[in-house]
Amino acid sequence: MARPPSMTNPLVFFAPSGKRGRFPEGTSVLEAARKLGVDLDSVCGGRGICGRCQVEVGDGKFPKLGIVSAPDHVTEWNAVEERYVSKRGPLAEGRRLGCQAKLCSDVVIDVPPDSQVHRQVVRKSAAIRDIAIEPVVALHYVEVREPDMHEPSSDFRRLQEALEQQWGLKDITAPLESLRLLQWSLRQGQWSVTVAIRHKREIVGIWPGLHEQGVGLAVDIGSTTIAAHLCDLASGEVLASSGVMNPQIRFGEDVMSRVSYVMMNPGGDVELTTAVREAIAELAVSVTKEVGLNSNDILEMTVVANPIMHHLFLGLDPTELGGAPFALTIDGAYQTRAAHLNLPLSSGAYVYVLPCIAGHVGADTAGVVLSEGPYLRPEVSLVVDVGTNAEIVLGNRERLLACSSPTGPAFEGGQISSGQRAAPGAIERVRIDPVTLEPRYKVIGSDLWSDEPGFDKAVIRTGVTGICGSGIIEAIAEMLLAGLITPDGVVDGAMAARSPRIEEDGRTFKYLIREGEPRIAITQNDVRAIQLGKAALYAGVRLLMDRYGVAAVDRITLAGAFGSHIDVKHAMILGLVPDCELDKVGSAGNAAGTGARIALLNASARTEIEDVVRRIEKVETAIEPSFQAHFVGAMAIPHKSDPFPHLEAALGVTFKRGSGDGEGGGGRERRRRRG
Ligand code: FES
């Protein structure tokens with residue numbers, strides 16, 4: 001009597017998924033994986049040409065699984081694998097093509113990370129989660145029936161049939177742009193093509209024969225620069241990155257002046273839209289060229305941007321965002337075909353734009369939220385993106401709040417006597433000896449401190465040209481620690497008796513950091529400009545803390561280009577952010593761009609951030625009565641009354657408290673800058 005099939009069929013156990021099942025002898029490892037829902041990649045559909053299905057066959061006893069596994073428990077290395085390695089080079093030790101190795105006996109199969117579709121892209125910082133890949137667009141190689149007079153059907157009909165038979169994909173659609181390439185591709189590929197299918201529904205790219213790499217572009221449109229990252233959609237790897245100055249700068253340095261340009265020049269919005277789209281098109285061409293591809297190989301693009309850049313990119317009128325009540329045309333995520341935006345991507349490629357949070361908290365902040373994931377944690381996180389405006393997000397998995405605060409241009413070097421943007425030659429680090437009151441500094445482009453041998457030679461090419469935002473923050477924080485400024489931010493003229501670096505400057509004083517050309521000093525007005533900016537930021541943070549009902553935060557992340565350059569300790573001494581354990585304060589680099597990259601690589605991340613943004617409570621600082629009181633208290637350095645116990649313990653100091661009344665002028669002034 002024949003034994004029941006379950007007893008005779010080989011048992012296969014897949015690691016790391018833990019899925020197991022019995023299959024008839026001769027079933028390929030790929031087929032078994034598919035039936036069990038094991039994550040094993042394939043582009044060629046088991047034809048032994050893509051190499052994406054590689055597996056390792058366990059060798060030894062696995063008592064817990066009740067399996068004795070050995071390499072010969074699957075069929076021998078075959079001619080198809082031989083052909084693959086002759087063309088593509090050897091497989092790693094112990095690996096087989098899962099589509100060729102067929103089950104003979106019980107076996108343990110290990111699916112290495114690079115053969116998984118839903119693999120993890122490991123990110124450097126342990127504090128942030130890895131990026132999980134969940135492709136929006138996947139490649140499928142198919143062999144299509146040749147046309148036949150006796151059974152007439154169109155090229156597209158036969159392609160649909162092939163996709164259904166070979167991949168189980170039903171009712172696939174294609175835009176006209178892709179259909180235009182179908183006839184040529186089929187004949188060129190001798191009736192085999194690779195199609196890129198979006199969301200298992202729609203063809204967005206087509207190539208003759210086997211095409212193995214799908215790429216996408218993540219774009220961060222900043223007011224000053226536009227950055228683009230070309231990513232492999234299967235591995236998540238960043239293949240090339242590039243940035244250009246935002247060409248809209250010629251219409252206005254900051255976003256508000258660009259809105260004014262639109263208001264004053266009929267048709268100006270079209271000019272601005274064309275400028276930004278052309279810059280992105282050029283970036284798409286240059287990053288793909290760098291890796292030997294074409295811009296029309298890009299299958300999907302994601303975009304983050306502040307609200308005004310977001311509107312101008314989509315061709316929406318931004319003038320409503322120039323003033324209260326800052327009404328967005330749309331706030332949800334938006335997707336449209338690249339062709340509609342005149343971008344030279346793949347025939348059917350889509351552009352997905354992340355949602356905006358509020359009229360002055362944009363899709364770039366949504367990108368930061370997606371990247372940093374404060375909505376996933378139990379502890380209360382503060383995420384701050386510092387620029388001309390600070391975007392502030394506070395909360396945890398229960399509740400998330402967001403606002404923006406008008407910090408002004410000081411953190412980017414604007415309105416500072418020797419200020420400049422962060423660029424080679426700018427002072428970015430400052431230390432002041434509390435005894436001698438002598439400074440030393442570092443400039444961007446050199447690793448040496450100014451008092452180290454070889455410094456002059458190291459900066460000969462760039463010179464020392466000014467001081468950037470992070471340099472100013474450190475300078476003022478160090479001036480406080482050295483007693484050169486009072487907690488109210490007054491440069492103390494009495495210290496001139498101790499150091500010739502304190503110089504008279506009209507009716508106030510300044511501190512000389514560098515003699516020479518240019519002479520670089522921190523003036524009273526510089527300190528005031530920074531106080532105004534930091535008070536606005538801090539007041540916004542406190543407003544959200546009040547609203548949330550917390551007196552302290554558990555974790556702080558400084559995002560953005562500026563945030564990644566700030567030394568967190570100095571930022572806290574200045575009172576830019578509230579007290580927190582110092583090792584819980586960090587910078588996230590270009591978190592908005594990372595958010596765009598996550599949305600590019602992971603379909604669920606899109607619905608996730610759309611849901612989170614809908615839930616974020618938006619707080620408008622302009623209409624909050626307590627903002628002004630918080631602002632005045634925050635004018636003192638680090639603060640008039642808020643405690644900084646962690647910082648004081650770390651530094652071994654006790655801060656004197658300032659009056660916070662902005663003595664010295666300008667303390668009650670408050671600017672409104674948006675964007
Ligand atoms: S599935 Fe393509 S080589 Fe195995």
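Modeller: Helices (H or I, at least four residues) and strands (E, at least two) are DSSP runs, numbered from the N terminus. This is a predicted model, in which local features need pLDDT of at least 70 and side-chain atom pairs count only at pLDDT 80 or more, while totals for chains, interfaces and linings use all residues. Residues are numbered from 1 along each chain as its sequence is written, and side-chain values use heavy atoms, with hydrogens and water left out.

Biologist: Where is His199 found?

Modeller: His199 is in the loop between β11 and β12. Its phi is positive, about 50°, although His199 is not a glycine.

Biologist: What is the relative accessible area of His199?

Modeller: The value is 28%, so His199 is partly exposed. Buried means under 20% relative accessible area, exposed over 50%, and partly exposed in between, with a 1.4 Å probe and protein chains only.

Biologist: And Asp171, buried or exposed?

Modeller: Asp171 counts as exposed, at 66% relative accessibility. Asp171 lies in the loop between α4 and α5, and its phi, near 50°, is likewise a positive value in a residue other than glycine.

Biologist: In what order do the strands of the open sheet come?

Modeller: The order is β10-β11-β12, with antiparallel pairing. The edge strands are β10 (137-143) and β12 (202-208), each of which pairs on one side only. Two strands pair if DSSP finds at least two bridges between them.

Biologist: How many bridges link β11 and β12?

Modeller: Strand β11 (residues 192-198) and β12 pair over 6 bridges. Arg198 has Glu202, in β12, as its bridge partner.

Biologist: Which ring does the charged end of Arg198 sit over?

Modeller: It is the ring of Tyr350, with the charged end of Arg198 4.0 Å from the centre. A charge sits over a ring if NZ of Lys or CZ of Arg is within 6 Å of the ring centre and within 35 degrees of the ring normal. Arg606 lies over the face of Tyr352, at 4.4 Å from the ring centre.
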